[in-house]
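Good morning, and thank you for coming.

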Amino acid sequence: MIGSHEIEALRERYKKERPIYQNFAEHIKELLSKKTRQQKLICSIEARAKEIDSFVKKALLKSYTYDQIKDKAGVRLVVTYEEDLSAIEEIIKSFFNVIEHDRKLDNLNSNELDYIGIHFEVSLNYSSIEPILEQYNDMICEIQLHTQAQNLWSTVSHKLLYKPSEPPPIEIQRNIYHLSALTGIFDNVVKNVRKDIFAGSLEARILSILEKNYYRFRASQSFNRELSIENIRGLQTLLTKEEQLNFEEILNEFIIKNEEKLAEKFEDYSEDDRLGLLFSQPESLFILERLEKDKFALRDTWQNILPLKMLQDLAGAWGNPYRD
C-alpha cells in the first residue's frame with residue numbers, strides 16, 4: 001500500500017503541475033476541433049485536467065506512481081452519429097502518437113457495467129506539432145470518443161459501476177447486457193431513420209450538407225433548425241433537378257473558390273446585430289452560393305422567404321450588392 005508521505009508528495013506535485021495538464025488538454029482540444037471541422041465532422045469536444053482529489057484517490061486505489069496515472073489530461077469527443085466515429089478515429093491515429101487504442105464495445109464484458117466507447121492514450125506527434133506545443137512533448141492525454149448514446153451510458157454506468165470478483169447471478173448479467181445493448185440499438189435506429197429522412201426530404205439532405213460545411217467557419221453549433229428548414233424550403237426551388245442531385249459538389253466548389261473570403265465574412269459578421277441572423281445559420285452558405293450563381297433569381301424567390309432588406313444587406317456585406 002502506498003504510504004501517507006508518498007501520497008502527500010504526489011498531491012503536492014500534481015497540484016503544482018495540474019495547470020500545465022489543463023493547458024495541454026486545451027491544446028489537444030483545439031487541434032482536434034480544427035481537424036474535425038476541416039473534415040466536416042460535427043462533434044462536441046471537452047477538455048479537462050483530472051481533479052486533484054480524483055488523482056489522489058486513484059493513486060490510493062491502484063497504488064500507482066505519478067507516471068502510472070495516464071489520464072491527468074483528458075479530452076472527450078461526442079458525436080451525434082455513429083458513422084462519424086471511424087473518421088475521427090483515423091484523425092487521432094494520423095495526427096498523434098497512439099500509445100493505447102481500445103474499442104471498449106469490442107471488449108465488452110456482460111458481467112460489468114462499464115462505459116462503451118473508444119479510448120485512446122496519445123502524445124503529440126513531433127512531425128505535426130507547432131513550436132508552442134514542444135513543452136508538452138513527453139505528456140500523455142487520454143481521449144474518449146463516444147456517440148451521444150454511449151456518452152449517456154458512460155455517465156450512468158459510472159454511477160452504477162459493478163466489477164465483482166465473481167460473476168453476478170444470471171439475471172443481473174442479462175439486465176446489464178440489455179442496458180449496454182440499448183446504446184447500440186439506439187445508434188443503429190438513428191442511422192436508419194436518418195437515411196430514410198434524407199431519402200424522402202430534399203431540405204433535410206441539403207441542411208445536412210450545409211451544416212457540415214458551416215462548422216468549418218463557425219465553432220458554435222447553435223442555430224435554429226426550424227428556421228433553416230423553412231429557408232431551405234424556399235431556396236431549393238432555385239435548384240434544377242440536376243443541381244439538387246449534385247448540391248454537395250456545387251457547394252464544395254463554391255467553398256473551395258471562396259474559402260478565405262468566407263472565413264473573413266463569418267468572422268466579421270457572425271455577431272453583427274444586423275447581419276448576424278443570417279451568418280449564424282448554415283443556409284447562409286446556400287444564399288451566398290446562389291448570390292454568385294444568379295442574384296436576380298435569388299431576389300425574386302427571396303420575397304417569399306424573408307424581408308428583402310435582409311438579402312440586400314447580405315449582398316452588400318458579401319461585396320455583390322443589388323444596384324437597381
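This is a predicted model: local features need pLDDT of at least 70, side-chain atom pairs count only at pLDDT 80 or more; totals for chains, interfaces and linings use all residues.

I begin with helix H1, in which glutamate 17 and arginine 13 both lie, 4 residues apart, about one turn of the helix. Helices here are DSSP runs of H or I with at least four residues, strands are E runs of at least two, and both are numbered from the N terminus. In general, an α-helix has 3.6 residues a turn, so residues three or four places apart point the same way. The side chains of glutamate 17 and arginine 13 meet in a salt bridge, at 3.3 Å from N to O. By salt bridge I mean a side-chain nitrogen of Lys or Arg within 4 Å of a carboxyl oxygen of Asp or Glu.

Residues are numbered from 1 along each chain as its sequence is written, and side-chain values use heavy atoms, with hydrogens and water left out.

The cut-offs are as follows: buried means under 20% relative accessible area, exposed means over 50%, and partly exposed lies in between, with a 1.4 Å probe and protein chains only.

Let me now step back to the whole protein. Its secondary structure comes to 12 helices and 5 strands. Of the 324 residues, 46% are buried. Contacts, meaning heavy atoms within 4.5 Å, can also be sorted by separation in sequence. Among contacts between residues at least 6 apart in sequence, 74% join residues at least 24 apart.

I return to the salt bridges, of which the structure holds 18. Side chains of opposite charge can pair when their charged atoms come close. Which partner is buried and which is partly exposed? Glutamate 142 counts as buried because its relative accessibility is 11%, whereas arginine 48, at 31%, counts as partly exposed.

Another pair is arginine 225 and glutamate 211, whose side chains meet in a salt bridge at 2.6 Å, N to O. Here, too, distant parts of the chain are linked: arginine 225 belongs to helix H7 (residues 225-235) and glutamate 211 to helix H6 (residues 202-214), 14 residues apart. Arginine 225 is partly exposed, with a relative accessible area of 45%, while glutamate 211 is buried, with 9%. Salt bridges also join into a network, which links Glu243, Glu289, Arg290 and Lys293.

My next subject is the backbone. Most residues other than glycine have a negative phi, and most peptide bonds are trans. Lysine 40 is not a glycine, yet its phi is positive, about 60 degrees. Lysine 40 sits in the loop between helix H1 (4-38) and strand E1 (43-49), and is buried because its relative accessible area is 17%. Serine 63 also has a positive phi, of about 55 degrees, although it is not a glycine. Its place is the loop between helix H2 (52-62) and E2. At 40% relative accessibility, serine 63 counts as partly exposed. A glycine example is glycine 319, which follows H12 and has a positive phi near 95 degrees.

Where is valine 78? Valine 78 has its place in strand E2 (residues 73-79). It is buried, for its relative accessible area is 11%. Apart from neighbours within four places in sequence, valine 78 is in contact with Cys43, Ser44, His146, Thr147, Gln148 and Asn151. Valine 78 and glutamate 46 are 32 residues apart in sequence, and their C-alpha atoms are 8.7 Å apart in space. As for the helix, the buried residues of H12 (residues 308-318) are Met310, Leu311, Asp313, Leu314, Ala315, Ala317 and Trp318. Thank you for your attention.
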